[in-house]
Amino acid sequence: MASIMSFVPYALTRPLLFGLDAERAHELTLDAIARLQGTPLQHLWAQPRIDDPVSLAGLRFPNRIGLAAGLDKNGRCIDGLGAMGFGFVEVGTVTPLAQPGNPKPRMFRLPQAHALINRLGFNNDGLQAFIANVRRSRSFRAGGGVLGLNIGKNAATPIERALDDYLIGLDGVFPHADYVTVNISSPNTKDLRSLQNDAALDALLSALVQRRDALARQQRRSVPMFVKIAPDLDDAQVRLIAAALKRHGLDGVIATNTTVARDAVQGLPHANEAGGLSGAPVLASSNRVIAALRAELGAKTPIIGVGGVLSGDDARAKRVAGADLVQVYTGLIYKGPSLVRECAAAIKAA
């Protein structure tokens, strides 16, 4: 019954939401979840979590399906989103200071391709508001869910001072995170992806690992740190990143963010909008990067696979490519909460 209740409202509301501007629909949905989470009306979308536990990076994940960062940038809806059956939820990207992001309109649906293009630009309410929201969340983590907090840099911070912002973010979220993700792969903040280059990545990771280890000693708790990378990397770049992850002792990697490529959507309305493309067209490129990472990192380093998951088969394909865990975002917009159980069940059955 719970799964039926979670499916029927979305089947009814999706046409209404898709009749609105994409960002407006997103905001209305998050506002509703924020208001209704923790109330009896949460049953409109809640569904039982599929039990398929796995231990990675010192954490126990109740199942292998998570929510990718970007959907809930301010961490307002952790309990409500977690009630969809996720084993883990990642919120952010948060920046030290509040910022409005890029000018609107900045989010576009490509329904024929089951895709989105966004150029939001880390729009968020800033670190202090984010932490306050995280501290207010209760039920998801109390029920065993794992919470990831994703950090980035402010648009106004010069790229040569990016480390300052990441250190502020790490200091702020460390006491409240089950794991921390360092986002260096959004295409919507100027020059951010240059941090994936060899020398810049070495400097960034060295400083962040040093600070993480100091915080762990001070607070007497271990918090794994992951790096999120782009799908628009060739094999040589993947090898360099994998080597840097191993060299600096990162706990894992999230592959991948959105793509700037447009080959798969040429000719569709909005295809030429600037920003990151997500959804079904990213599946192949994301899986290629995952497979290349797995070949370089070996079997033990955790990889979280994200990009293009719209079915249980897509989730299994991520696992076949080499991902230990799988995240969804755009698929949730197109398919609704039932996708979470479909993916978790498919992986459990594999």
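Is F61 buried or exposed? With a relative accessibility of 1%, F61 counts as buried, because buried means under 20% relative accessible area. Let's step back and see where this residue sits. Please keep in mind that the model is predicted.

**The protein as a whole**

The protein is built from 12 helices and 13 strands. Its radius of gyration is 18 Å, close to the 20 Å that the globule rule gives for 350 residues, so the protein is as compact as a globular protein of that length. Taken along the principal axes, the C-alpha atoms fill a box of roughly 50 × 50 × 40 Å.

Among contacts with a separation of 6 or more, 74% are between residues 24 or more positions apart.

**The surface and the charges**

The accessible surface of the protein comes to about 14,000 Å². Carbon and sulfur atoms account for 56% of that surface. As for charge, there are 39 positive and 30 negative side chains, and the centres of these two sets lie 4 Å apart.

**Aromatic pairs**

The structure holds three aromatic pairs, and two of them are set out here.

| Pair | Centre to centre | Angle between planes | Arrangement |
|---|---|---|---|
| F18 and Y334 | 5.4 Å | 75 degrees | edge-to-face |
| F61 and F88 | 5.2 Å | 80 degrees | edge-to-face |

Y334 counts as buried, at 3% relative accessibility.

The pair of F61 and F88 brings us back to our opening residue. This pair, too, links distant parts of the chain: F61 belongs to strand β2 (residues 59-61) and F88 to strand β4 (residues 88-94), 27 residues apart. F88 is buried as well, with a relative accessible area of 0%.

**A residue on the outside**

Which helix holds A349? A349 lies in helix α12, which covers residues 338-349. Its relative accessibility is 69%, and A349 therefore counts as exposed, the cut-off for exposed being over 50%. How far is A349 from R247 in space? From C-alpha to C-alpha, A349 and R247 are 35 Å apart, and in sequence A349 and R247 are separated by 102 residues.

Definitions and conventions: Residues are numbered from 1 along each chain as its sequence is written. This is a predicted model: local features need pLDDT of at least 70, side-chain atom pairs count only at pLDDT 80 or more; totals for chains, interfaces and linings use all residues. Side-chain values use heavy atoms; hydrogens and water are left out. Helices (H or I, at least four residues) and strands (E, at least two) are DSSP runs, numbered from the N terminus. The radius of gyration is taken over C-alpha atoms; the globule rule is 2.2 Å times the number of residues to the power 0.38. Contact means heavy atoms within 4.5 Å. Accessible areas come from the Shrake-Rupley method with a 1.4 Å probe; for residues, only the protein chains shown count as cover. Lys and Arg count as positive and Asp and Glu as negative; His and the chain ends are not counted. The place of a charge is taken as NZ of Lys, CZ of Arg, CG of Asp or CD of Glu. Rings of Phe, Tyr and Trp (its six-membered ring) pair if their centres lie within 6.5 Å; planes under 30 degrees apart count as stacked, over 60 as edge-to-face and the rest as tilted. Buried means under 20% relative accessible area, exposed over 50%, partly exposed in between (1.4 Å probe, protein chains only).
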